[in-house]
Amino acid sequence: MARFPNSPAPNLLLRLFSSNKRSSSPTAALLTGDFQLIRHFSAGTAARAAKDDKEPWWKESMDKLRNIGISAHIDSGKTTLTERVLFYTGRIHEIHEVRGRDGVGAKMDSMDLEREKGITIQSAATYCTWKDYKVNIIDTPGHVDFTIEVERALRVLDGAILVLCSVGGVQSQSITVDRQMRRYEVPRVAFINKLDRMGADPWKVLNQARAKLRHHSAAVQVPIGLEENFQGLIDLIHVKAYFFHGSSGENVVAGDIPADMEGLVAEKRRELIETVSEVDDVLAEKFLNDEPVSAAELEEAIRRATIAQKFVPVFMGSAFKNKGVQPLLDGVVSYLPSPNEVNNYALDQMNNEERVTLTGSPDGPLVALAFKLEEGRFGQLTYLRVYEGVIKKGDFIINVNTGKRIKVPRLVRMHSNDMEDIQEAHAGQIVAVFGIECASGDTFTDGSVKYTMTSMNVPEPVMSLAVQPVSKDSGGQFSKALNRFQKEDPTFRVGLDPESGQTIISGMGELHLDIYVERMRREYKVDATVGKPRVNFRETITQRAEFDYLHKKQSGGAGQYGRVTGYVEPLPPGSKEKFEFENMIVGQAIPSGFIPAIEKGFKEAANSGSLIGHPVENLRIVLTDGASHAVDSSELAFKMAAIYAFRLCYTAARPVILEPVMLVELKVPTEFQGTVAGDINKRKGIIVGNDQEGDDSVITANVPLNNMFGYSTSLRSMTQGKGEFTMEYKEHSAVSNEVQAQLVNAYSASKATE
């Protein structure tokens, strides 16, 4: 009855529906199809029903699609679980263990570095089918430093499986991963793995998830036996026992619930209904009236609450012992959302990056995101998630980030190691494209809209390292690696130091750059020597200063003559521009053709301040007067006049050094709070927040980046390895006089030795 809330006589409608099924009358034609049409019919809007008749070509395939990620703390059995998922869905035909004695290793463990990082999904999206549903398993990065990369991967997911170890419980990485899923609003199901291990206690882990992860969760299964006696699972929704037979647990056999467990099952089922009814009104009504809850009603309530991110259903099993994986797959298709049940938004570049909600239907304009690049045998393979519209082979699409118009040469769906050529893909699907030159994170549209999926405002890098290859022969591979990394990650920059001629890489932190140096060594076999990390300081001025400079040079033949007069002043705080030049000369004291040369001269001078040689920003230069010579004035003369004028007035403008300040968030057990806070003060940090989260203290502080080198090591030693921290760029702010004096002296000393 619940399906027809507005219908006066649902049974009549259903009888009508069944009797007229084969009839060719228009009424019967309207009634055939799904319940949606009946609902429309009951409301009496035949026109809408006819319109809906056209929808199912994409609606049905969209409803049967899931884009999920599997993430966990290292060594919780993520790879083993993925291996089993691929086996049961027919993607691979035999199972190999991760640390296999057969020397094959798990399907997904292909790169050495991936093995060490604990992210071991070979391709960005692995496609498999389960009971008519198409499931894309997407690689979720485990490293938190790469904010942009993590953001993109989580944008592509519609739902996720959080794997927890039944012995280790909720560990630090589980907390980090969960925190990110919450930030990007990803609905999830939990899977408590390794129930066959000594000391397995799923109920302890469930309570930890409630306490540490703040999950509103309940078990949807109860294990039959634990540790070496682990035999199967009882499904609390359908109240059935499942056993897994066959050499690889492929035969799922339903059986009766053991008599000694009936009391526990009844108690846990009631707990499940109670927990879900707290966040679902429909079920709450039944629960409060003490009406019996059918399996279908409970399933629908869990689905509603999971998609609304108000509830996390908890599954159990042992991937290694091939138990519990098939019910988990059923849970993925039953409870995680299809692409059209998730709200995705884009940023409208025509309208100052205003957020626009995408409809997610293939009828809209094309919007697709390149979320992963792979170097394939046939050139660059780009993985695309289509958010709206349809992409067809041979179509022209526009890269919004670069403005280039590109033809789609080949569209493939990744199927195991093979690629399946397809002609078109619609919203919600994940496909790969060959032969498109683009960077990771680029957005493609059909040209009718100018949307991007991620902000075009990439944060400025805050740290630099000098790198150079050890052997001269590996120069080619070295530059190939750097080009590839720049394409993958917009926060990673490469430049040349004009003075020393060294290659400088810049990024968002120590670990960020370390991982790229490590990847270079493994993926491109290039050993690189790394210099001492350098912080990207800036300089700025604090008061107005006048300049009046005459550049005059007579040396036989045409001389040089140029005079510039005006003032420099700091820009008001919060201004978008870092450098402004204004020409306020009235009349023709300086011919207008020379003004661009003057601006160029000032810009060049501002590239290197006289305090420590770093760029000067937040600076406004106003030109009020000047003089020129009919013969000797030239662009070069005025450019030189501008450079010298800037250097002369710079000291009078009371310059200061700005350093990058990081917003550091620490999570440490409460007993180490005092030590950690004392250490932050020692590093000249300012603590701006201190919250309690269960047994942990969450400290937020603003700390100068220059004092954060090697912090991960010292935090580990202060907290016995239990503390973790994330760090992101906040702003550049002025250093103290004492630090400024130190930096200036160090710079003068290094200049003197040169």
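F581 in strand 33 has I621 as its bridge partner in strand 34. The model is predicted: local features need pLDDT of at least 70, side-chain atom pairs count only at pLDDT 80 or more, and totals for chains, interfaces and linings use all residues. Residues are numbered from 1 along each chain as its sequence is written, and side-chain values use heavy atoms, with hydrogens and water left out.

Strand 33 (residues 579–583) and strand 34 (residues 619–627) run parallel and are joined by five bridges. Two strands pair if DSSP finds at least two bridges between them. Helices (H or I, at least four residues) and strands (E, at least two) are DSSP runs, numbered from the N terminus. Together with helix 17 (residues 595–606), strands 33 and 34 make a left-handed β-α-β unit. A crossover is right-handed if, with the strands pointing away from the viewer, the path from the first strand over the helix to the second runs clockwise.

G232 has F243 as its bridge partner in strand 9.

Helix 14 (residues 325–335) is mostly covered, with nine of its eleven residues buried (under 20% relative accessible area; exposed is over 50%, partly exposed in between; 1.4 Å probe, protein chains only). Among the buried residues are L328, L329 and Y335. A296, in helix 13 (residues 295–307), is partly exposed at 47% relative accessibility.

The whole structure holds twelve aromatic pairs. Rings of Phe, Tyr and Trp (its six-membered ring) pair if their centres lie within 6.5 Å; planes under 30 degrees apart count as stacked, over 60 as edge-to-face and the rest as tilted. F485 and F492 are edge-to-face, 6.2 Å centre to centre, with 80 degrees between the planes. The F492 and Y516 rings lie 4.5 Å apart at 40 degrees, so this pair is tilted. F492 lies in the loop between helix 15 (475–488) and strand 26 (493–496), and Y516 in helix 16 (residues 510–523), so the pair ties together parts 24 residues apart in sequence. F485 is buried at 0% relative accessibility, and F492 at 1%. Ring pairs link F485, F492, Y516 and Y524 into a cluster.
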